[in-house]
Amino acid sequence: MLLGCIGDDFTGSSDLANTLAKQGMRTVQYTGIPDAPAESHVEAGVVALKSRSISAAEAVAQSLAALKWLQAQGCTQFFFKYCSTFDSTHEGNIGPVAEALATELDAHKVIVCPAFPGTGRSIYQGHLFVNDTLLNESGMQNHPLTPMTDPDIRRWLRHQTKLNVGHVSAPAVLAGAKAIGEALEAEHAAGNRLIVVDALSDADLMEIGKAADGLPLITGGSGVALGLPANFAKTGAISGAGTAWRGETGACVALSGSCSNATRAQVALHKETHPALEIVAEDVLEGRVTPRDVAAWAAGSTGIPLAYSSADPAVVKDVQARFGREKSAETLEAFFAETARELVAAGITKILTAGGETSGAVVEGLALDTLEIGPEIDPGVPALRANENLVLALKSGNFGAPDYFAKAASILAGQA
(Lines give C-alpha, C1' and ligand atoms only; values in the text may rest on other atoms or scores of the structure.)
Protein backbone atom coordinates (compact mmCIF):
# COMPACT_ATOMS: atom_id res chain seq x y z
CA MET A 1 0.00 0.00 0.00
CA LEU A 2 1.33 3.42 -0.99
CA LEU A 3 -1.24 6.03 0.02
CA GLY A 4 -2.90 5.74 3.42
CA CYS A 5 -6.10 7.70 3.96
CA ILE A 6 -8.15 8.44 7.07
CA GLY A 7 -11.73 9.65 6.58
CA ASP A 8 -13.83 11.21 9.33
CA ASP A 9 -17.10 9.71 8.05
CA PHE A 10 -18.23 6.92 5.74
CA THR A 11 -19.72 8.95 2.89
CA GLY A 12 -16.67 11.18 2.67
CA SER A 13 -14.41 8.15 2.69
CA SER A 14 -16.25 6.57 -0.25
CA ASP A 15 -16.03 9.95 -2.01
CA LEU A 16 -12.24 9.91 -1.56
CA ALA A 17 -11.96 6.25 -2.58
CA ASN A 18 -13.96 7.08 -5.72
CA THR A 19 -11.56 9.91 -6.59
CA LEU A 20 -8.47 7.73 -6.20
CA ALA A 21 -9.97 4.80 -8.11
CA LYS A 22 -10.93 7.05 -11.03
CA GLN A 23 -7.32 8.27 -11.18
CA GLY A 24 -6.00 4.73 -11.50
CA MET A 25 -5.18 3.54 -7.97
CA ARG A 26 -6.44 0.17 -6.77
CA THR A 27 -8.43 1.41 -3.82
CA VAL A 28 -10.25 -0.31 -0.97
CA GLN A 29 -12.38 1.34 1.70
CA TYR A 30 -12.24 -0.16 5.19
CA THR A 31 -14.95 0.40 7.77
CA GLY A 32 -13.05 1.18 10.92
CA ILE A 33 -9.51 0.02 11.59
CA PRO A 34 -8.90 -3.46 10.18
CA ASP A 35 -7.61 -6.18 12.45
CA ALA A 36 -5.65 -7.89 9.66
CA PRO A 37 -3.16 -6.79 6.99
CA ALA A 38 -4.41 -5.41 3.67
CA GLU A 39 -4.33 -7.57 0.55
CA SER A 40 -1.16 -7.12 -1.46
CA HIS A 41 -2.86 -5.61 -4.54
CA VAL A 42 -4.21 -2.56 -2.66
CA GLU A 43 -2.43 0.65 -3.64
CA ALA A 44 -4.57 3.12 -1.69
CA GLY A 45 -6.37 2.25 1.52
CA VAL A 46 -9.12 4.44 2.98
CA VAL A 47 -9.89 3.81 6.65
CA ALA A 48 -13.38 5.18 7.21
CA LEU A 49 -14.00 6.36 10.75
CA LYS A 50 -17.11 7.87 12.26
CA SER A 51 -15.19 10.60 14.03
CA ARG A 52 -16.62 13.85 12.69
CA SER A 53 -19.04 14.55 15.54
CA ILE A 54 -17.52 12.70 18.51
CA SER A 55 -15.27 14.34 21.10
CA ALA A 56 -12.05 15.77 19.72
CA ALA A 57 -9.97 13.59 22.04
CA GLU A 58 -11.64 10.41 20.81
CA ALA A 59 -11.37 11.53 17.18
CA VAL A 60 -7.63 12.04 17.67
CA ALA A 61 -7.24 8.62 19.32
CA GLN A 62 -9.08 6.83 16.53
CA SER A 63 -7.20 8.70 13.81
CA LEU A 64 -3.81 7.91 15.34
CA ALA A 65 -4.76 4.25 15.60
CA ALA A 66 -5.74 4.30 11.91
CA LEU A 67 -2.43 5.96 11.08
CA LYS A 68 -0.53 3.23 12.90
CA TRP A 69 -2.30 0.51 10.89
CA LEU A 70 -1.66 2.32 7.60
CA GLN A 71 2.01 2.77 8.47
CA ALA A 72 2.23 -0.97 9.10
CA GLN A 73 0.93 -1.54 5.53
CA GLY A 74 3.92 0.35 4.15
CA CYS A 75 2.26 3.65 3.19
CA THR A 76 4.63 6.45 2.26
CA GLN A 77 2.10 9.31 2.16
CA PHE A 78 -1.00 10.00 4.22
CA PHE A 79 -4.24 11.88 3.62
CA PHE A 80 -6.75 13.12 6.20
CA LYS A 81 -10.17 13.46 4.55
CA TYR A 82 -12.90 15.72 5.93
CA CYS A 83 -15.99 17.30 4.41
CA SER A 84 -15.76 19.81 1.58
CA THR A 85 -17.85 22.14 3.75
CA PHE A 86 -15.27 21.79 6.58
CA ASP A 87 -17.93 20.41 8.96
CA SER A 88 -16.59 21.10 12.46
CA THR A 89 -17.04 23.26 15.54
CA HIS A 90 -14.72 25.68 17.34
CA GLU A 91 -13.54 22.72 19.44
CA GLY A 92 -12.74 20.44 16.48
CA ASN A 93 -12.44 17.91 15.12
CA ILE A 94 -10.47 18.87 12.00
CA GLY A 95 -7.79 20.96 13.68
CA PRO A 96 -7.03 18.55 16.55
CA VAL A 97 -6.78 15.53 14.24
CA ALA A 98 -4.64 17.37 11.67
CA GLU A 99 -2.36 18.58 14.46
CA ALA A 100 -2.00 15.11 15.96
CA LEU A 101 -1.24 13.49 12.60
CA ALA A 102 1.28 16.23 11.72
CA THR A 103 3.01 15.76 15.05
CA GLU A 104 3.16 11.97 14.72
CA LEU A 105 4.53 12.19 11.17
CA ASP A 106 6.75 15.22 11.85
CA ALA A 107 4.93 16.78 8.90
CA HIS A 108 5.28 20.42 7.90
CA LYS A 109 3.78 22.37 5.00
CA VAL A 110 0.52 20.51 5.66
CA ILE A 111 -2.01 21.44 2.99
CA VAL A 112 -5.55 22.26 4.16
CA CYS A 113 -7.87 22.28 1.15
CA PRO A 114 -11.55 21.27 1.40
CA ALA A 115 -12.29 22.51 -2.14
CA PHE A 116 -14.35 20.28 -4.44
CA PRO A 117 -15.22 22.31 -7.57
CA GLY A 118 -17.17 19.39 -9.04
CA THR A 119 -19.81 19.94 -6.35
CA GLY A 120 -19.47 23.73 -6.24
CA ARG A 121 -17.02 24.05 -3.34
CA SER A 122 -14.17 26.48 -3.95
CA ILE A 123 -11.73 28.43 -1.79
CA TYR A 124 -10.75 32.01 -2.57
CA GLN A 125 -8.67 34.18 -0.24
CA GLY A 126 -9.09 31.50 2.39
CA HIS A 127 -12.90 31.70 2.26
CA LEU A 128 -15.01 28.67 1.39
CA PHE A 129 -17.79 29.10 -1.15
CA VAL A 130 -20.65 26.78 -2.09
CA ASN A 131 -21.28 27.71 -5.71
CA ASP A 132 -21.52 31.52 -5.59
CA THR A 133 -22.49 31.70 -1.91
CA LEU A 134 -20.27 31.98 1.15
CA LEU A 135 -20.34 28.86 3.30
CA ASN A 136 -22.14 30.54 6.20
CA GLU A 137 -24.98 31.61 3.87
CA SER A 138 -25.31 28.27 2.04
CA GLY A 139 -27.55 26.44 4.52
CA MET A 140 -24.57 24.97 6.38
CA GLN A 141 -25.13 27.52 9.13
CA ASN A 142 -28.19 25.40 10.02
CA HIS A 143 -26.39 22.05 10.24
CA PRO A 144 -27.74 20.27 13.35
CA LEU A 145 -24.33 18.99 14.53
CA THR A 146 -21.67 21.21 12.95
CA PRO A 147 -23.20 24.60 12.05
CA MET A 148 -20.72 26.56 9.93
CA THR A 149 -21.09 30.25 10.75
CA ASP A 150 -17.76 31.56 9.39
CA PRO A 151 -16.56 31.02 5.79
CA ASP A 152 -12.93 31.93 6.60
CA ILE A 153 -11.24 28.53 6.92
CA ARG A 154 -8.09 30.12 8.35
CA ARG A 155 -10.02 31.78 11.15
CA TRP A 156 -12.15 28.70 11.86
CA LEU A 157 -9.08 26.47 11.98
CA ARG A 158 -7.29 28.78 14.39
CA HIS A 159 -10.03 28.10 16.95
CA GLN A 160 -9.19 24.39 16.77
CA THR A 161 -5.42 24.09 16.87
CA LYS A 162 -2.29 25.43 18.54
CA LEU A 163 -0.38 25.22 15.26
CA ASN A 164 0.10 28.35 13.20
CA VAL A 165 -2.15 28.62 10.16
CA GLY A 166 -0.92 30.01 6.85
CA HIS A 167 -2.37 30.61 3.40
CA VAL A 168 -1.43 30.07 -0.25
CA SER A 169 -3.55 32.45 -2.31
CA ALA A 170 -5.14 32.00 -5.70
CA PRO A 171 -2.44 33.84 -7.74
CA ALA A 172 0.19 31.32 -6.64
CA VAL A 173 -2.16 28.40 -7.32
CA LEU A 174 -3.02 29.69 -10.78
CA ALA A 175 0.69 29.95 -11.54
CA GLY A 176 1.07 26.19 -11.15
CA ALA A 177 2.81 23.55 -9.07
CA LYS A 178 6.21 25.24 -8.87
CA ALA A 179 4.71 28.46 -7.56
CA ILE A 180 2.55 26.54 -5.11
CA GLY A 181 5.61 24.71 -3.82
CA GLU A 182 7.48 27.99 -3.38
CA ALA A 183 4.51 29.52 -1.55
CA LEU A 184 4.27 26.50 0.76
CA GLU A 185 7.99 26.85 1.52
CA ALA A 186 7.55 30.56 2.28
CA GLU A 187 4.69 29.80 4.68
CA HIS A 188 6.84 27.13 6.33
CA ALA A 189 9.69 29.63 6.74
CA ALA A 190 7.20 32.01 8.37
CA GLY A 191 6.41 29.36 10.98
CA ASN A 192 3.06 28.24 9.59
CA ARG A 193 2.46 24.49 9.67
CA LEU A 194 -1.18 24.11 8.56
CA ILE A 195 -1.59 25.98 5.28
CA VAL A 196 -4.96 26.74 3.69
CA VAL A 197 -4.63 26.60 -0.10
CA ASP A 198 -7.04 28.34 -2.46
CA ALA A 199 -8.59 26.30 -5.30
CA LEU A 200 -11.18 27.29 -7.89
CA SER A 201 -11.08 24.44 -10.39
CA ASP A 202 -10.05 20.82 -10.88
CA ALA A 203 -7.01 22.12 -12.75
CA ASP A 204 -5.98 23.94 -9.58
CA LEU A 205 -6.36 20.71 -7.59
CA MET A 206 -4.15 18.83 -10.05
CA GLU A 207 -1.42 21.45 -9.63
CA ILE A 208 -1.77 21.32 -5.84
CA GLY A 209 -1.43 17.54 -6.09
CA LYS A 210 1.83 17.92 -8.02
CA ALA A 211 3.13 20.32 -5.39
CA ALA A 212 2.26 17.77 -2.69
CA ASP A 213 4.59 15.15 -4.15
CA GLY A 214 6.72 13.88 -1.27
CA LEU A 215 4.81 15.65 1.49
CA PRO A 216 4.03 13.16 4.28
CA LEU A 217 0.57 14.58 5.07
CA ILE A 218 -2.16 16.28 3.06
CA THR A 219 -5.59 17.19 4.44
CA GLY A 220 -8.77 18.20 2.70
CA GLY A 221 -11.84 17.16 0.81
CA SER A 222 -11.58 14.44 -1.79
CA GLY A 223 -10.92 16.99 -4.52
CA VAL A 224 -7.35 17.77 -3.51
CA ALA A 225 -6.54 14.05 -3.83
CA LEU A 226 -7.15 14.28 -7.59
CA GLY A 227 -3.50 14.93 -8.36
CA LEU A 228 -1.90 12.47 -5.93
CA PRO A 229 -2.13 9.23 -8.00
CA ALA A 230 -0.15 10.88 -10.83
CA ASN A 231 2.80 11.32 -8.49
CA PHE A 232 2.91 7.55 -7.96
CA ALA A 233 2.19 6.80 -11.62
CA LYS A 234 5.16 8.76 -12.90
CA THR A 235 7.50 6.44 -11.00
CA GLY A 236 5.65 3.31 -12.17
CA ALA A 237 4.52 2.53 -8.61
CA ILE A 238 0.85 1.96 -9.48
CA SER A 239 -0.86 -0.26 -12.01
CA GLY A 240 -3.38 2.22 -13.38
CA ALA A 241 -5.96 -0.58 -13.53
CA GLY A 242 -9.52 -0.17 -12.36
CA THR A 243 -11.97 -2.68 -10.89
CA ALA A 244 -14.74 -4.15 -13.06
CA TRP A 245 -18.26 -3.52 -11.74
CA ARG A 246 -20.98 -6.17 -11.60
CA GLY A 247 -24.51 -4.87 -11.12
CA GLU A 248 -26.84 -6.44 -8.58
CA THR A 249 -30.34 -7.77 -9.18
CA GLY A 250 -33.14 -7.56 -6.63
CA ALA A 251 -35.01 -4.83 -4.80
CA CYS A 252 -33.67 -1.39 -3.87
CA VAL A 253 -34.62 0.80 -0.88
CA ALA A 254 -33.53 4.35 -0.04
CA LEU A 255 -32.98 5.66 3.50
CA SER A 256 -32.49 9.38 4.08
CA GLY A 257 -31.63 11.12 7.33
CA SER A 258 -29.96 14.21 5.89
CA CYS A 259 -31.61 17.59 6.39
CA SER A 260 -29.46 19.40 3.83
CA ASN A 261 -31.10 21.56 1.19
CA ALA A 262 -29.91 19.25 -1.59
CA THR A 263 -31.23 16.07 0.01
CA ARG A 264 -34.60 17.59 0.88
CA ALA A 265 -34.98 18.61 -2.78
CA GLN A 266 -34.02 15.08 -3.88
CA VAL A 267 -36.57 13.61 -1.48
CA ALA A 268 -39.30 15.94 -2.75
CA LEU A 269 -38.64 14.98 -6.39
CA HIS A 270 -38.42 11.25 -5.67
CA LYS A 271 -41.73 11.30 -3.79
CA GLU A 272 -43.52 12.41 -6.96
CA THR A 273 -43.04 9.04 -8.66
CA HIS A 274 -42.03 6.53 -5.97
CA PRO A 275 -43.46 5.36 -2.62
CA ALA A 276 -42.24 7.46 0.30
CA LEU A 277 -42.64 7.14 4.05
CA GLU A 278 -41.81 10.02 6.36
CA ILE A 279 -40.18 8.94 9.61
CA VAL A 280 -41.21 11.53 12.18
CA ALA A 281 -38.48 11.96 14.77
CA GLU A 282 -40.93 12.21 17.67
CA ASP A 283 -42.51 8.89 16.66
CA VAL A 284 -39.12 7.19 16.75
CA LEU A 285 -38.07 8.80 20.03
CA GLU A 286 -41.37 7.90 21.69
CA GLY A 287 -41.51 4.38 20.25
CA ARG A 288 -44.55 4.72 18.00
CA VAL A 289 -42.71 3.44 14.92
CA THR A 290 -40.14 0.65 14.72
CA PRO A 291 -37.48 -0.40 12.20
CA ARG A 292 -39.50 -3.54 11.50
CA ASP A 293 -42.49 -1.37 10.56
CA VAL A 294 -40.39 0.59 8.07
CA ALA A 295 -38.71 -2.49 6.60
CA ALA A 296 -42.05 -4.26 6.15
CA TRP A 297 -43.46 -1.20 4.38
CA ALA A 298 -40.41 -0.95 2.09
CA ALA A 299 -40.30 -4.66 1.28
CA GLY A 300 -43.97 -4.55 0.32
CA SER A 301 -43.64 -1.47 -1.90
CA THR A 302 -42.91 -1.19 -5.61
CA GLY A 303 -40.42 1.04 -7.41
CA ILE A 304 -37.68 2.50 -5.22
CA PRO A 305 -39.33 3.10 -1.84
CA LEU A 306 -37.84 5.92 0.22
CA ALA A 307 -38.01 6.14 4.02
CA TYR A 308 -36.86 9.54 5.21
CA SER A 309 -36.49 11.60 8.35
CA SER A 310 -35.14 14.60 6.43
CA ALA A 311 -36.87 17.70 7.74
CA ASP A 312 -36.65 21.47 7.74
CA PRO A 313 -33.84 22.75 10.03
CA ALA A 314 -36.43 24.51 12.26
CA VAL A 315 -38.17 21.17 12.87
CA VAL A 316 -34.84 19.53 13.71
CA LYS A 317 -33.98 22.27 16.19
CA ASP A 318 -37.36 21.88 17.89
CA VAL A 319 -36.84 18.12 18.28
CA GLN A 320 -33.35 18.65 19.65
CA ALA A 321 -34.62 21.22 22.13
CA ARG A 322 -37.30 18.86 23.44
CA PHE A 323 -35.41 15.56 23.46
CA GLY A 324 -31.76 16.63 23.58
CA ARG A 325 -29.33 16.91 20.69
CA GLU A 326 -27.26 13.81 21.45
CA LYS A 327 -30.23 11.61 22.33
CA SER A 328 -32.05 12.63 19.14
CA ALA A 329 -29.05 11.92 16.91
CA GLU A 330 -28.14 8.62 18.57
CA THR A 331 -31.72 7.32 18.56
CA LEU A 332 -32.26 8.10 14.88
CA GLU A 333 -28.90 6.58 13.90
CA ALA A 334 -29.71 3.41 15.82
CA PHE A 335 -33.14 3.35 14.13
CA PHE A 336 -31.63 3.48 10.64
CA ALA A 337 -29.01 0.86 11.54
CA GLU A 338 -31.69 -1.57 12.69
CA THR A 339 -33.85 -0.74 9.67
CA ALA A 340 -30.96 -1.67 7.38
CA ARG A 341 -30.54 -4.99 9.17
CA GLU A 342 -34.26 -5.69 8.79
CA LEU A 343 -34.12 -4.80 5.08
CA VAL A 344 -31.23 -7.17 4.38
CA ALA A 345 -32.99 -9.91 6.33
CA ALA A 346 -36.02 -9.31 4.11
CA GLY A 347 -33.92 -9.88 0.97
CA ILE A 348 -33.20 -6.29 -0.11
CA THR A 349 -29.99 -6.29 -2.17
CA LYS A 350 -29.51 -2.58 -2.92
CA ILE A 351 -29.55 0.18 -0.27
CA LEU A 352 -29.19 3.91 -0.91
CA THR A 353 -28.44 6.24 1.99
CA ALA A 354 -28.40 10.01 2.24
CA GLY A 355 -26.51 11.79 5.02
CA GLY A 356 -23.15 11.10 6.65
CA GLU A 357 -24.53 10.05 10.03
CA THR A 358 -27.24 7.90 8.43
CA SER A 359 -24.74 6.23 6.12
CA GLY A 360 -22.35 5.54 8.96
CA ALA A 361 -25.13 4.03 11.04
CA VAL A 362 -26.17 1.73 8.18
CA VAL A 363 -22.62 0.55 7.50
CA GLU A 364 -21.97 -0.10 11.19
CA GLY A 365 -25.37 -1.71 11.66
CA LEU A 366 -24.65 -4.16 8.85
CA ALA A 367 -21.09 -4.77 10.18
CA LEU A 368 -19.54 -4.11 6.77
CA ASP A 369 -15.75 -4.08 7.00
CA THR A 370 -14.55 -3.75 3.39
CA LEU A 371 -16.19 -1.97 0.45
CA GLU A 372 -15.22 -2.45 -3.18
CA ILE A 373 -15.29 0.81 -5.15
CA GLY A 374 -17.47 0.82 -8.26
CA PRO A 375 -18.51 3.42 -10.87
CA GLU A 376 -19.33 7.02 -9.98
CA ILE A 377 -23.03 7.84 -9.58
CA ASP A 378 -22.63 11.59 -9.10
CA PRO A 379 -19.50 13.61 -8.23
CA GLY A 380 -18.26 12.30 -4.90
CA VAL A 381 -20.63 9.31 -4.76
CA PRO A 382 -19.48 5.88 -6.01
CA ALA A 383 -21.33 2.61 -6.17
CA LEU A 384 -20.04 0.20 -3.51
CA ARG A 385 -20.12 -3.57 -3.24
CA ALA A 386 -20.30 -4.88 0.32
CA ASN A 387 -20.52 -8.60 -0.45
CA GLU A 388 -21.82 -11.04 -3.05
CA ASN A 389 -25.44 -10.11 -2.36
CA LEU A 390 -25.40 -6.46 -1.30
CA VAL A 391 -24.46 -3.17 -2.98
CA LEU A 392 -24.72 0.34 -1.55
CA ALA A 393 -24.54 4.00 -2.38
CA LEU A 394 -23.57 6.27 0.52
CA LYS A 395 -24.34 9.92 -0.21
CA SER A 396 -23.20 12.91 1.78
CA GLY A 397 -26.10 15.26 2.43
CA ASN A 398 -25.23 18.03 0.00
CA PHE A 399 -24.15 15.79 -2.89
CA GLY A 400 -26.04 14.40 -5.84
CA ALA A 401 -28.22 15.54 -8.73
CA PRO A 402 -31.96 16.16 -8.18
CA ASP A 403 -32.80 12.67 -9.50
CA TYR A 404 -30.06 11.05 -7.39
CA PHE A 405 -32.09 8.18 -5.92
CA ALA A 406 -33.34 6.88 -9.27
CA LYS A 407 -29.92 7.31 -10.88
CA ALA A 408 -28.17 5.50 -8.02
CA ALA A 409 -30.57 2.58 -8.18
CA SER A 410 -29.95 2.22 -11.91
CA ILE A 411 -26.17 2.22 -11.58
CA LEU A 412 -26.20 -0.24 -8.69
CA ALA A 413 -28.20 -2.55 -10.94
CA GLY A 414 -25.60 -2.17 -13.69
CA GLN A 415 -28.05 -0.44 -16.02
CA ALA A 416 -26.12 2.75 -16.63
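Tyr82 is buried, with a relative accessible area of 0%. Buried means under 20% relative accessible area, exposed over 50%, and partly exposed in between, for a 1.4 Å probe and protein chains only. This is a predicted model, in which local features need pLDDT of at least 70, side-chain atom pairs count only at pLDDT 80 or more, and totals for chains, interfaces and linings use all residues. Residues are numbered from 1 along each chain as its sequence is written, and side-chain values use heavy atoms, with hydrogens and water left out.

Phe86 is buried too, at 0% relative accessible area. Ring pairs join Phe80, Tyr82 and Phe86 in a cluster. Rings of Phe, Tyr and Trp (its six-membered ring) pair if their centres lie within 6.5 Å; planes under 30 degrees apart are stacked, over 60 edge-to-face, the rest tilted. By this rule there are six aromatic pairs. The ring centres of Tyr82 and Phe86 lie 5.2 Å apart with planes at 85°, so this pair is edge-to-face. Phe335 and Phe336 also pair edge-to-face, at 6.2 Å centre to centre and 85° between the planes. Both Phe335 and Phe336 are buried.

Next come charges over rings. Here NZ of Lys or CZ of Arg must be within 6 Å of the ring centre and within 35 degrees of the ring normal. The charged end of Arg385 sits over the Trp245 ring, 5.6 Å from its centre. Lys395 lies over the face of Tyr404, 5.7 Å from the ring centre.
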